[in-house]
Amino acid sequence: MRRLSWRFVLATLVFLTLSRLSLSLWLWSRVQPAGGLWPILFGGWRIDLSLLAMICALPLLLSPWLGHRLWPTRITAWWYRLWWLLFVLLEVSTPQFILEYDTRPNRLYIEYLNSPHEVSAMLWHGYKGVLLAGVIGLALLGWIGFRLLRANRVDARMKLWLRPVVTVVAFALLFLAGRGTLEHRPLNASMVAFSDDSMVNSLPLNSLYSVANAIRGLSNERSATAVYGKMPEPEMQRIVREAAGMNGSMLDPKYPSMHRQQATAKPAKPLNLVIIMEESLGAQYIGTLGGEKLSPQFDALASQGWLLARTYATGTRSVRGLEAVNTGFLPTPAEAVLKLPRSQRGFFTIAGLLGEFGYHSRFIYGGEAHFDNMKSFFLGNGFDEVIDQPKFQVKPTFVGSWGASDEDMFNELHHRLLQDGDKPAFTLAFSVSNHTPWEYPAGRIQATSPAASVQNTVRYADWAIGQFFARAKQSPYWSHTVFLIVADHDSRVFGASLVPVKHFHIPALILGAGVPVQRDEHIVSQIDLAPTLLSLIGIDSVHPMLGADLTTRQPDRAIMQYGDNYGYLKGDQLLVLQPGQSAKQFHYQVEGEQLTPVPVDPTLDRLALAHALWPSWAYFNQRYVLPPKSTQRAAIPATAKPAPAASASTP
């Protein structure tokens, strides 16, 4: 068993390395400018060893005890032969898959198995030559593997006292190899992504790993229909479109939410955009929003811009906030789209949209951008570059458990904005300091005891915001840039209610060129921010976002996903959907944060259910996409007049 394991590992490593070399040479025109061969090979060996450790774990751990017997050795031989064939099959089919989809085999490879008749007919009629070459390659390499992995010899009997020692050592080595890293999280595809080319980022993976990763991801694709119940699709589309103000005919029936949006701002040229997402900065810490008085800098800025005083997050995790603000996508009981397989390419983001208008888009993050699959998602969906801590051009002064401090992130942001000059640019910057274990540089704030507390990291995050905007206002980019400061979610969302509305309340403030100074008390969701920003920077566009342009209308609703519970807040009425139960409705009183049960309004029930089901429908049917660039050029007639700005009065 030990001999077979070593033969299998070495043969597989050699085979996968040769496969990567061949693919890299074939695609050298894209590999060379992306960073060359070494990142592909080194990242590939990490991925290969991790997967091989999992495959070989059981035979190697049992080998000291059973390796001297013939029947376990024969079972092991067939175990490794099966895996060898899977490796060969996936690698042999990789070149044609790359030609078709510009990436390694992924979830599409699995989905095609659901249609064997259609796929076999397609392969036979369109790819006879490729199919024949693949069969020959599979047969030849399979024969080589079967010869290498014969069970013709057993291992020498190991001394009894040595067996537990070898087992423990083998377990430790297999665990380290399988985990692939000593960092916070195990090895994943994002950790070996190194370029701005998503296809090149797939080359360090082997195709079996890529497909297995996609299968694992499919388990996260929970459909809202299975959780909350069904609704006829025509009714769902009608309700959602009417709620979004889309009362006319569809631009394209295939994409029901695709619509034209005319910007209310009309600058001489479209403005640049910066979104600053603050980690875990709930409204409970913001003085001007009625929270603890920990935010003097934000409070001062709030009087200089458009304060959306009743903004609510869509979820309780960073990926959910990033999803809402950057894609405008509604929340679901599944994982956020940043982590789901069907949204890794071709999914709508404002970065992709602005790219059609010539903008350069970047993501700046003080930590490691592979966290929560941010790097892969952003690079696959419109962002031109991802700048995490290792790529900072301004050396960080303080690095904690989660990465560079907020002031270091802002230093890098300021540096990059100065480099942009007057070029059109969109920057998403994400902070890390306001997170356990509450680390921040000394000497910046008047800290209270204990020093490691959320109150002190909020003070520090606020201090860093103030420092950045003091510089920004004196910088050349200030006059042609719109800024949004918004939290991803609250620091700790809890409560005895089905949906603790209080802990979804977050700060959101828009500042900069041409932004009206006002305090807006309307209910706002994170999904409303992207359409509003497009309007403020002067971009007339076609897009699928269901959020409101707050310069033209106020929907006064918020959408909150709290585990499996779905909250739809409309005015002072909260409708809550739960798995396998009837809807419940509450009167929500902001003062005192009281939720009083009331009878369910059937209309509100259908409205909430339609919005709960729609994003799952759009995701599974891939109906949330970036429209063609040609559509943008004809989005709004040149003679169109800007719509009047909406009032910011208290409802």
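A residue is called buried here when its relative accessible area is under 20%, exposed when that area is over 50%, and partly exposed in between (1.4 Å probe, protein chains only). Glu-407 falls in the buried class, with a relative accessible area of 11%. The structure is a predicted model, so local features need pLDDT of at least 70 and side-chain atom pairs count only at pLDDT 80 or more, while totals for chains, interfaces and linings use all residues. Residues are numbered from 1 along each chain as its sequence is written, and side-chain values use heavy atoms, with hydrogens and water left out.

Salt bridges come up first. With a salt bridge taken as a side-chain nitrogen of Lys or Arg within 4 Å of a carboxyl oxygen of Asp or Glu, the structure holds 21 of them. Glu-407 takes part in one with Arg-444, where the closest N and O atoms are 2.9 Å apart. Arg-444 sits in the loop between strand S8 (425–430) and helix H19 (454–472) and Glu-407 in helix H18 (residues 406–420), so this pair ties together parts that are 37 residues apart in sequence. Helices (H or I, at least four residues) and strands (E, at least two) are DSSP runs, numbered from the N terminus.

Another pair is Arg-342 and Glu-221, whose side chains meet in a salt bridge at 2.8 Å, N to O. Arg-342 belongs to the loop between helix H15 (318–327) and helix H16 (350–355), and Glu-221 to the loop between helix H11 (207–218) and helix H12 (224–228), so the bridge ties together parts 121 residues apart in sequence. Both Arg-342 and Glu-221 are buried.

Then there is Asp-155, which pairs with Arg-3 at 3.7 Å, N to O. The two are 152 residues apart and link distant parts of the chain: Asp-155 is in the loop between helix H8 (128–148) and helix H9 (162–179), and Arg-3 is in helix H1 (residues 2–26). Asp-155 counts as buried at 5% relative accessibility, whereas Arg-3 is partly exposed at 33%. Elsewhere, Arg-317, Glu-335, Lys-339 and Asp-372 are joined in a network of salt bridges.

Helix H5 (residues 94–101) has Thr-94, Phe-97 and Ile-98 as its buried residues. Viewed down the axis of H5, these residues fall within an arc of 100°, so they line one face of the helix; the arc is that of the directions from the helix axis to the C-beta atoms. After H5 comes Asp-102, with a positive phi near 60°.
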